[in-house]
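Welcome, and thanks for taking a look at this one.

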Amino acid sequence: MSGGGTTGALLYAVSAAVLGMLQFGFNTGVINAPREFIENFINENYSVNSGTVFSVIVSIFAIGGMIGCPLASWIADKRGRKFALIVNAAFGVIGAVFMGFSKVSTSLAMLIIGRFLIGINCGFATTASPTYVSEVAPVRLRGAFGTVNQLAVAFGLVGGQILGIDVILGSNEGWPWLLGLAIVPSAVQCVMLPFAPESPRYLLLVQRDEEQARRALTKIRGTTEIDDEIKDMHDEDRAEKQEEKFTVGDLLRMESLRTPMIIGIVMHLSQQLGGINAVLYYSASIFVSTGLTERDARLASIGVGSMLFIMALVSIPLMDRLGRRTLQLCGLGGMTLFSILMTIAFFTYENNTTMSVFAVLFTLLYVAFFGVGPSSIPWMILSELFGQGARSAAVSVGALVNWFANFIVGLTFIPLSDLLGNFVFLPFTILLIIFFAFTYFKLPETKNRTIEEVTALFKK
């Protein structure tokens, strides 16, 4: 088989790497169901406001994420992609142990530290895993393998929500086990990664070790016919050397870079401030507030994760057929509509089972429209708006903004919900309308355009 097919070695390497993204999905979804048990644990052992402390437990994850992103870039460039992934798996194991033993040790600090460490692990993974996967995948399969990352996130999310139902681990005894299960993906990575190949691109272009790069590439491609691919890497490297490197400061100073940077930042903000994480972190609480029992609310939460998984599959073929701009507008428009309908349902569900069901249905449709575009496009769009010289600075700014907005939503949703009651989605709805208008007027279509054509749009 010559050049770009899938081989056992390639699938092994990708599987080992995307476990980090599965970890990210699992830890986003897992905190949802055990809220009342964790709050009981806090109330029994500490005289603090359990709602506020729970907000901290939820949101400290994103602070860890903000540290993990730049750390991943730094270690991956210094010591290699594979080494970075192994270091990160160790972080995951330690974080999971802290969370798992927090109740036995009656230690709230262990729970918060564990959640913080697992946040570093997940932030790290959102940078290191896609980089490694895109570097080992053949060019023509890069898009398809890129979406494997999104599928792994959705799969982890559903897994976390299923394990959180009361008959499994959603109980007073079960919740430390539930959080501690985060050890599994990281432990499996610790076993798998040492046998995975290093990124040939890293070996060739950073380490300047062509012999090792050829060995790794031959293994991944399952063929010795790799001269063309090595040549392509060298060509890309030469082109990259001729392009000037831009720093984060340049992105803000130069107008031809500032405009796409602002677009990228707004795309990332639209992903988080449209309210999706309020639903992912707190859907069980939202469903209880619409009149469902605790048990039904947890089952309905599984629907949220499943919907994201299905939409990740659906959006793969649509991405290149309809284009990024169309899907992003379609997603934001649908989210706006259903966040308005959710608010209406929240007001009319009292003694009205039909409206309770509609509230859940509207929430699921809101999540479905998120899956159409806003879930994956912000992560893709920055690498399509910038040339090689500015890309890595732009992508890291985007990731940082994303995690920061994630933190804000995680921290403020409970106080916001106490303050606004049934109007809790109103701020998100207003922001969604603003994001829709911005996307409509500012985002160019990148489908079937080369990087040169896209960057030329901003130089006018």
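## Helices that pack on helix 19

Helix 13 (residues 255-273) packs against helix 19 (residues 388-420) at an angle of about 30°, and the two axes are 9 Å apart. Helix 13 is therefore roughly parallel to helix 19. Please keep in mind that this is a predicted model.

- The crossing of helix 13 and helix 19 is right-handed.
- On the helix 13 side, the contact is made by Leu257, Met261, Ile265, His268, Leu269, Gln271, Gln272 and Leu273. Their partners in helix 19 are Ala390, Ala394, Val397, Gly398, Ala399, Val401, Asn402, Ala405, Asn406 and Val409.
- Sorted by class, the contact of helix 13 with helix 19 has 12 nonpolar and 6 polar residues, and no charged ones.
- Helix 18 (residues 377-385) also packs with helix 19, here at an angle of about 155° and with axes 8 Å apart. Because angles over 145 degrees count as roughly antiparallel, helix 18 is roughly antiparallel to helix 19.
- The crossing of helix 18 and helix 19 is right-handed.
- Trp379, Leu382 and Ser383 of helix 18 make the contact with Arg391, Ala394, Val395, Gly398, Ala399 and Asn402 of helix 19.
- The contact of helix 18 with helix 19 has 5 nonpolar residues, 3 polar residues and 1 charged residue.
- Ala394, Gly398, Ala399 and Asn402 of helix 19 are among the residues that meet helix 13, and they are also among those that meet helix 18.

## Helix 15 and helix 16

- Helix 15 (residues 294-322) and helix 16 (residues 324-348) pack at an angle of about 120°, with 7 Å between their axes. That angle makes helix 15 oblique to helix 16.
- Helix 15 contributes Leu318, Met319, Asp320 and Leu322 to the contact, and helix 16 contributes Arg324, Thr326 and Leu327.
- By class, the contact of helix 15 with helix 16 has 4 nonpolar, 1 polar and 2 charged residues.

## Salt bridges

- The whole structure has 18 salt bridges.
- One of them joins the side chains of glutamate 36 and arginine 298, at 3.0 Å from N to O. Glutamate 36 belongs to helix 2 (residues 35-45) and arginine 298 to helix 15, so this pair ties together parts that are 262 residues apart in sequence.
- Arginine 81 and aspartate 77 form a salt bridge through their side chains, at 3.1 Å from N to O. Arginine 81 is buried at a relative accessible area of 9%, while aspartate 77 is partly exposed at 47% relative accessibility.
- Asp77 and Arg81 also belong to a network of salt bridges that links them with Glu135, Arg201 and Glu236.
- Glutamate 229 and arginine 221 meet in a salt bridge of 2.8 Å, N to O, between their side chains. Arginine 221 counts as buried, at 1% relative accessibility.

The contacts given here leave aside neighbours within four places in sequence.

- Serine 283 sits in helix 14 (residues 276-289). Its relative accessibility is 0%, so serine 283 counts as buried. Serine 283 is in contact with Asn32, Ala278, Ser301 and Val304.
- Valine 158 is part of helix 6 (residues 142-163) and counts as buried, at 13% relative accessibility. Its contacts are Ile302, Gly305, Ser306 and Phe309.
- From valine 158 to threonine 293 there are 135 residues in sequence and 20 Å in space, C-alpha to C-alpha.
- Threonine 247 is placed in the loop between helix 11 (227-242) and helix 12 (248-253). With 44% relative accessibility, threonine 247 counts as partly exposed. Threonine 247 is in contact with Arg253 and Ala393.
- The C-alpha atoms of threonine 247 and threonine 336 are separated by 35 Å, and the two residues are 89 residues apart along the chain.

Methods
Residues are numbered from 1 along each chain as its sequence is written. This is a predicted model: local features need pLDDT of at least 70, side-chain atom pairs count only at pLDDT 80 or more; totals for chains, interfaces and linings use all residues. Side-chain values use heavy atoms; hydrogens and water are left out. Axes are lines fitted to C-alpha atoms, for helices over the stretch in contact, and angles run from 0 to 180 degrees between N-to-C directions. Helices (H or I, at least four residues) and strands (E, at least two) are DSSP runs, numbered from the N terminus. Angles under 35 degrees count as roughly parallel, over 145 as roughly antiparallel, 65 to 115 as roughly perpendicular and the rest as oblique. A crossing is left-handed if the near helix is turned anticlockwise from the far one by less than a right angle, and right-handed if clockwise. Contact means heavy atoms within 4.5 Å. Ala, Val, Leu, Ile, Met, Phe, Trp, Tyr, Cys and Pro count as nonpolar, Asp, Glu, Lys and Arg as charged, and the others, Gly among them, as polar. A salt bridge is a side-chain nitrogen of Lys or Arg within 4 Å of a carboxyl oxygen of Asp or Glu. Buried means under 20% relative accessible area, exposed over 50%, partly exposed in between (1.4 Å probe, protein chains only).
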